[in-house]
Amino acid sequence: MRRALDGVYERLDPGDALWRCTAGPYRTPVDVVIEDGPVVVARASVAAVPELTGPLARALAIEHDSLLFGRFAHVDGQIRVEHAIVGGHTMNDQEVRIAVWAVGWAAGAYKPRWERHAAGLPLTGGEPVPGVAARRGADDRVRSTQARVEHFLQEQHGGFTYDEVWGYHGPFGSTRVFVSVRHVLETSTAVLVASPVLSGVELTDALALDVAEVASARSFGRFAYAAERSELWAELAILGDDLDPEELAAAITAVAELGDGEDDRLQAAHGGRRYADLTR
């Protein structure tokens, strides 16, 4: 990890973290820590929020619908953005660098939005997008990662069904896990693993607080709410560059545990329809 970051980003006094640096266009201070697993986590503070109220919990789920890498979390009186990586032999230098950059960018780009959320003010402007143009060969990079994903899915699960719109998808209990590949930043790809949890459900304060608590107890995964479709999804995005089967398997397991593991309980408590209810 030190090899991946040393000389790439401006190093700061790490304090209690393993590594601290400034990263991204906003020169955001980003901490890198190691948790049990081992799991490497890049994290940065976004805005001061003393208490996670219902409206702020709803903002967490809604903002996740536009954020690719990482998740927002309420920790120690602040909203922070964090992205976790499976440590060990599967981790590569590029994976760490992209995680740190993505966290630094998101902390700065979403800061005005979270300050307005915290103040109870309506949002102004559109959702942030990284101002990084794709370099030549983006389609080829996506196809290469997609071929690797298809190969790993065949090895691990006997293959997923492929759809031009939804990507690869396979059944997990009462839900389904979707795996899609997209281009990200200049020369990288992202693999988005997602599972529909509830459809036709209102994002109430109670539901938002419930899923925020569930996600906070895990290192990987988040809940995102698509307001235009009234859908709650479990999601996790990982870097597609140099993807290996262990990383993809860990991502699918994390999302399936959130989707299939929580949909029955969430439906009983908050309403809506599970994926299984839609396909009967």
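What follows covers pockets first, then cavities.

## About the model

This is a predicted model, in which local features need pLDDT of at least 70, side-chain atom pairs count only at pLDDT 80 or more, and totals for chains, interfaces and linings use all residues. Residues are numbered from 1 along each chain as its sequence is written, and side-chain values use heavy atoms, with hydrogens and water left out.

On a 1 Å grid over the protein atoms alone, a cavity is a set of points where a 1.4 Å probe fits but cannot get out, while a pocket is an open set with protein on both sides within 12 Å along at least five of seven lines; lining residues have an atom within 4 Å of a point.

## The largest pocket

The largest pocket holds about 650 Å³ of space. It is lined by 32 residues, and Asp65, Leu67, Leu68, Arg182 and Leu192 are the closest to its centre. Strand β9 gives the largest share of this lining, 5 residues.

## The second largest pocket

About 280 Å³ lies in the second largest pocket. Its lining has 22 residues, with Arg71, Glu82, Arg218, Ser219 and Phe220 nearest the centre.

## The cavities

There are 2 cavities of 30 Å³ or more. The largest cavity has about 140 Å³ of space, and among its 16 lining residues His83, Ala84, Ile85, Glu95 and Ile238 lie nearest its centre.

The second largest cavity has about 40 Å³. Its lining includes His83, Ile85 and Val96.

Terms used. Grid points are joined across faces, edges and corners, and a volume is the space filled by probe spheres set on the points. Helices (H or I, at least four residues) and strands (E, at least two) are DSSP runs, numbered from the N terminus.
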